[in-house]
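Here is a short briefing on one protein model, grouped by topic. Please read it alongside the sequence and the structure.

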Amino acid sequence: MPMTIPLPVEGDTSWYDWATEIHGDVDASIPTVTTFANLGATQTINFASAASEQWLTGSLNANLAVTISNPIAGSRFVLLATQDGTGNRTVTIAGTVVDVPKAAGAQVVVVGRWRDASTFSLESSGVQKESLVIPASSDLTTVITTGAAKYRFPMPFDFIPTETLGDLVTSSSSGLPTFDINDDGVSIYSTRPSFDVSETTLATAATPSVISSTLIAKGSIVTVDCDTAGTGAVGPTLVLNGLRVL
C-alpha cells in the first residue's frame, strides 16, 4: 500500500524514524523542506553545506527535472511526492532518470547523495522488487485441464509486472501447456507463457512470454486460465516478478 510519509517538523522525529527505517543512515538534523502544490518542469535546489539535506515535496503532475545549483560532496537530496495519476512520469536528477508509473496517489520516493561535486548516487527510489507465486491449478498431483479462473486473488498493491517464471512437476508429452494471467478479465500478455514438450520450466521455452500490461492496480481481480493443457502435464506454478509501487 502507499506509504504515509511524515514531513519534517521541528520537535517531531517521526520523519527521521521513517527515513532511518526505509533508507538507513540519515542526518538527524531537520532538513530544508521546499513544498510545491504541483511538481513539474524544473525545480532548482541549492545546497549550503556538505552536511545539508534538502527535501522537495508536492504533487507530481508532470515530468520533473531537478537542477542542483550548488552540489557539494556529502549533501543529500530527498524527493517525496504524490503521483497525480494522469500519466507516467520521469524524475531526472543530475542525469539520473527514475521512472514513476501512473498510479494515482502512489508515493514517489527518490533519495540520493552527492559523492563529490559532480557525481550523484541514487540510493533508493519509490518502487521495490516483488514476486508473486501463483498456483495455476488446484494441486500438484492432478493432470491439468483447460479452464478459466483456475486461481484468483485480489492484487494487494499497485504492481508493475516485468517477468514470468514457471514450473511443472511433470512435463507434457505432447502439446504445449499454455496459461494466461488476467487483470480484471484482461490478459496481461501479448504472448502468453507456454511450456515446451518434455520441459518443466518456462526458462527454456522456444517462444518466451511477452507482458503487455504496464500496471496491475491494487484491488484488481487477478485470475489464471489454462488455455491449453497438453498431455499428462501436472503441477503448474507461475511466478510473476515485477515492481511494487510504494
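Buried means under 20% relative accessible area, exposed over 50%, and partly exposed in between, with a 1.4 Å probe and protein chains only. In a regular strand the side chains alternate between the two faces of the sheet.

This is a predicted model: local features need pLDDT of at least 70, side-chain atom pairs count only at pLDDT 80 or more, and totals for chains, interfaces and linings use all residues. Residues are numbered from 1 along each chain as its sequence is written, and side-chain values use heavy atoms, without hydrogens and water.

- β4 pairs in the parallel sense with strand β2 (residues 53-68), over three bridges. Two strands pair if DSSP finds at least two bridges between them.
- Val 91 in β4 has Leu 64 standing opposite.
- β4 also runs antiparallel to strand β5 (residues 96-100), with five bridges. Here Ile 93 stands opposite Thr 96 in β5.
- The hairpin of β4 and β5 has two residues between the strands, and Ala 94 takes a positive phi near 50° there.

**Whole chain**

- The protein chain holds one helix and 16 strands. These are DSSP runs, numbered from the N terminus: helices are H or I with at least four residues, strands are E with at least two.
- Of its 246 residues, 43% count as buried.
- Among contacts between residues at least 6 apart in sequence, 64% join residues at least 24 apart. Contact means heavy atoms within 4.5 Å.
- The chain exposes about 11200 Å², and carbon and sulfur atoms supply 53% of it. Accessible areas come from the Shrake-Rupley method with a 1.4 Å probe; for residues, only the protein chains shown count as cover.

**Open sheet**

- Four strands form an open sheet in the order β9-β15-β11-β12, with antiparallel pairing.
- Its edge strands are β9 (147-154) and β12 (186-187), and each pairs on one side only.
- Six bridges join β11 to strand β15 (residues 221-228) in the antiparallel sense. Thr 178 has Thr 228 in β15 as its bridge partner.

**Aromatic pairs**

- Rings of Phe, Tyr and Trp (its six-membered ring) pair if their centres lie within 6.5 Å; planes under 30 degrees apart count as stacked, over 60 as edge-to-face and the rest as tilted. The count by this rule is three aromatic pairs.
- Phe 157 and Phe 159 form a tilted pair, 6.2 Å centre to centre with 55° between the planes. Phe 157 counts as buried at 7% relative accessibility, and Phe 159 is buried at 0%.
- Phe 179 and Phe 195 form an edge-to-face pair, 6.1 Å centre to centre with 90° between the planes. Phe 179 lies in β11 (residues 178-183) and Phe 195 in the loop between β13 (189-191) and β14 (210-211), so the pair ties together parts that are 16 residues apart in sequence.

**Nonpolar cores**

- A nonpolar core is a set of buried Ala, Val, Leu, Ile, Met, Phe, Trp, Tyr and Cys residues joined through side-chain atoms within 4.5 Å.
- The largest has 23 residues, and Ile 134, Met 155, Ile 181, Leu 238 and Leu 240 have the most contacts inside it.
- β8 (127-135), β11, β15 and β16 (237-245) are the elements that give two or more residues to this core. β15 gives the most, with three residues.
- A second, separate core of 16 residues includes Leu 79, Ala 81, Val 91 and Val 110.
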